[in-house]
Amino acid sequence: MIDIGFGTAEAWAIAPFTIVTVFAIGILLYETFFPDNDRGVELPFWFSILGLCGAAIASLLAWTDGPAAYGGTFSTDGVAVFTNMVCILAAGLSLMMGVHYMDLIGVKAREFHSLVLFTLAGMMIMGGARDLIVLFLGIEVMSLPAYVLAGIRRQDEKSGEAALKYFLLGAFATSFLLYGIALLYGATGTTAYAGISAALGEAPRIAVLAGIGMLIVALGFKVGVVPFHFWAPDVYQGAPTAVTALMAVGVKAAAVVGTARLLLTGLEGMHAEWSAVLWWLAVATMTLGNVVAIAQNNVKRMPAYSSVAHAGYLFAAIAAGTPRGGGAVLFYLLVYAFMNLGAFAVVIAVGRKDEPNELLSDFAGLGSRRPLLGGAMVLFLLSLMGIPPLAGFVGKLYIIEALVDSQQVWLSVILILNSVVSGYYYLRVIIEMFMRDATAEHPEPEAQPYLMLCVFVALVGTVFLGLFPDLALDAARDSFAALR
Amino acid sequence: MTLFWILAFLTVPAALTVVLHRNPVYSALALVFTLFQVAIMFVALEAYLIAFLQVIIYAGAILVLILFAIMLLSLEPEEPSPERSTMRAWGWGVAALLMLELGAVASMEHGASPAQAGPKDFGSVTSVATELFSTHLLPFELTSILLLVALVGAVVLARRRS
């Protein structure tokens with residue numbers, strides 16, 4: 001008789017995942033049995049939000065520092081719960097952006113909602129994975145719906161191109177991931193982080209190093225660090241903006257946390273080796289992302305490169321290799337979610353039907369046309385730049401603190417220099433909004449209550465986390481400190 | 001050991017045919033042959049379950065799928081072109097590198113090799129099932145969701161435009 005390894009601890013551990021999955025399937029079933037395309041998206045939207053709230057509550061209830069479930073391969077510890085929260089936020093705000101936007105760009109597919117929920121389910125698995133196979137499946141459950149979402153606007157060639165590029169490069173990255181997992185398994189005889197960590201000392205070194213290298217390549221693809229970032233700008237530009245927001249925040253957050261947990265727990269014994277690799281990746285990513293962003297005129301392509309640069313900041317914090325660095329990563333992800341989602345929401349608000357309004361000059365005069373929206377955008381951009389007292393500043397400050405704390409002074413200097421460079425292109429948008437007159441006639445904007453709510457939520461988060469970072473920061477730090 | 005060498009001399013040329021032949025249908029048929037040889041190797045290693053899975057899943061289901069794809073897309077035998085040959089050179093380079101890497105790893109001192117360290121009934125139906133439903137229960141559950149997601153995604157992208 002087989003003793004099936006499923007008990008109360010296991011049920012709780014995957015409760016958030018189960019809830020999100022059940023709601024995703026529920027939406028699919030509803031759309032199957034009541035196929036009426038003109039009904040509007042409000043019902044599936046609110047149903048999804050209900051699922052997200054349920055998942056958030058379940059995450060908090062399932063929070064445990066006890067032994068991991070499923071024989072130590074998955075757990076809802078602090079890191080997982082924090083990641084869940086960031087990803088739920090990203091999914092919720094992306095759905096909110098999509099309410100009117102998806103109709104506006106002619107996407108009738110109501111599967112949008114359930115695909116976003118499936119992506120979120122994958123992210124939740126990645127946040128809690130303590131085993132390479134679980135990590136791999138989490139990445140795939142997250143990525144497959146993301147590929148489809150990138151191409152959901154089927155009448156648009158760019159969207160299709162984005163989906164295909166994303167899919168092919170994602171599949172390529174997966175092959176690296178599997179090769180790396182196979183090598184590590186061959187060297188250590190297990191795929192669980194705890195077992196790998198214990199067996200590292202006696203494992204053949206070349207196989208372990210090759211395995212780690214492959215894993216970093218694969219995860220680097222998903223995060224979008226240089227030199228594995230080539231897909232990012234095209235995909236971010238081609239995908240519908242609400243999906244771009246989800247990819248730039250949620251997918252990236254899950255991949256970064258997956259990387260951090262793997263390196264800081266399973267492969268902690270090889271810290272000296274991987275930290276050197278991450279050092280160079282972080283420097284290349286920050287610098288290239290920021291320098292290339294300067295040359296961009298498209299307001300979706302510019303945030304794409306800026307998001308590459310932010311991936312560099314996050315990898316720098318992982319390179320610190322301490323729980324402190326891990327805490328800084330988590331906190332920065334939360335901050336990044338608020339400010340980046342806010343900026344994308346403003347980009348959607350400025351666009352209208354059939355006129356994507358994605359050129360920088362389309363923002364000209366926004367400050368006088370729609371002062372509130374313009375003002376919110378200024379705060380998001382200043383926060384992305386890292387200006388006090390906004391959240392972005394606090395986030396960068398703690399990354400730098402973690403770096404200095406682990407003797408990585410040069411990396412922190414490079415990070416600060418990069419922040420200065422990034423100021424150039426963020427300020428350019430602000431100047432365009434407030435110093436230039438509108439070049440074209442802009443009709444009265446339609447009422448977009450959901451979008452404005454989204455901007456408002458992001459704004460509150462950006463300002464609040466800047467002024468009162470303690471609660472979130474302590475939670476982030478404690479969760480990584482409790483990891484070992 | 002004799003069996004292994006006989007199989008090896010049959011398998012390697014077949015595997016090379018998969019990659020080198022110009023006609024995709026021949027490549028697919030060579031792949032069937034290769035997969036069967038590997039299945040026999042599994043039998044020789046007394047890993048009967050894996051041998052069966054190899055035949056049923058790879059030589060059966062996946063190969064049928066590949067043949068379907070080839071016939072639906074009506075792929076022509078490829079024409080040689082300068083671009084192709086540069087890419088082929090790159091391919092050989094990467095393959096050589098991987099061979100070197102595999103050789104280096106294989107020739108090293110081994111720690112606990114998982115197959116040798118396994119219990120006596122390693123690879124039997126019972127032991128695989130025990131592993132699947134205890135140690136790897138979560139991946140087992142996740143795989144089912146993954147398949148569902150892939151299905152839904154394919155339908156969303158392939159459905160007629162409304």
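The contact draws 38 residues from chain A and 30 from chain B, where two residues count as touching if their C-beta atoms, placed from the backbone, lie within 7 Å. On the chain B side, α4 (82-107), α5 (114-117), α6 (125-133) and α7 (137-158) each put in at least two residues; helices here are DSSP runs (H or I, at least four residues), numbered from the N terminus. The largest share, 13 residues, belongs to α7(B). By type, that side of chain B splits into 19 nonpolar, eight polar and three charged residues (nonpolar: Ala, Val, Leu, Ile, Met, Phe, Trp, Tyr, Cys and Pro; charged: Asp, Glu, Lys and Arg; polar: the others, Gly among them).

All of this comes from a predicted model, in which local features need pLDDT of at least 70, side-chain atom pairs count only at pLDDT 80 or more, and totals for chains, interfaces and linings use all residues. Residues are numbered from 1 along each chain as its sequence is written, with chains lettered from A and ligands numbered from 1 in the order in which they are written. For chain A, the mean pLDDT (the predictor's confidence in each residue, from 0 to 100) is 87, and 95% of its residues reach 70 or more.

Helix α17(A) (residues 371-385) has 15 residues and reaches 21 Å from first C-alpha to last, close to the 21 Å expected (1.5 Å times one less than the number of residues). Its buried residues (20 or more other C-beta atoms within 10 Å of their own, all placed from the backbone) include A:L373, A:A376, A:M377 and A:F380. They pack against α14 (301-319), α15, α16, α18, α19 (409-435) and α20 of chain A. Just past the end of α17(A), A:G386 takes a positive phi of about 100°.

Helix α21(A) (residues 470-481) has twelve residues and reaches 16 Å, close to its expected 16 Å. Here A:A472, A:L473, A:A476, A:R477, A:S479 and A:F480 are buried. They sit on the same side of α21(A), because they cover an arc of only 165° around the axis (taken from the directions from the helix axis to the C-beta atoms). That buried set packs against α5 (78-104), α15 (323-350), α18 (391-405) and α20 (449-467) of chain A. The face turned away carries A:D470, A:L471 and A:D474, which are exposed (12 or fewer such C-beta atoms).
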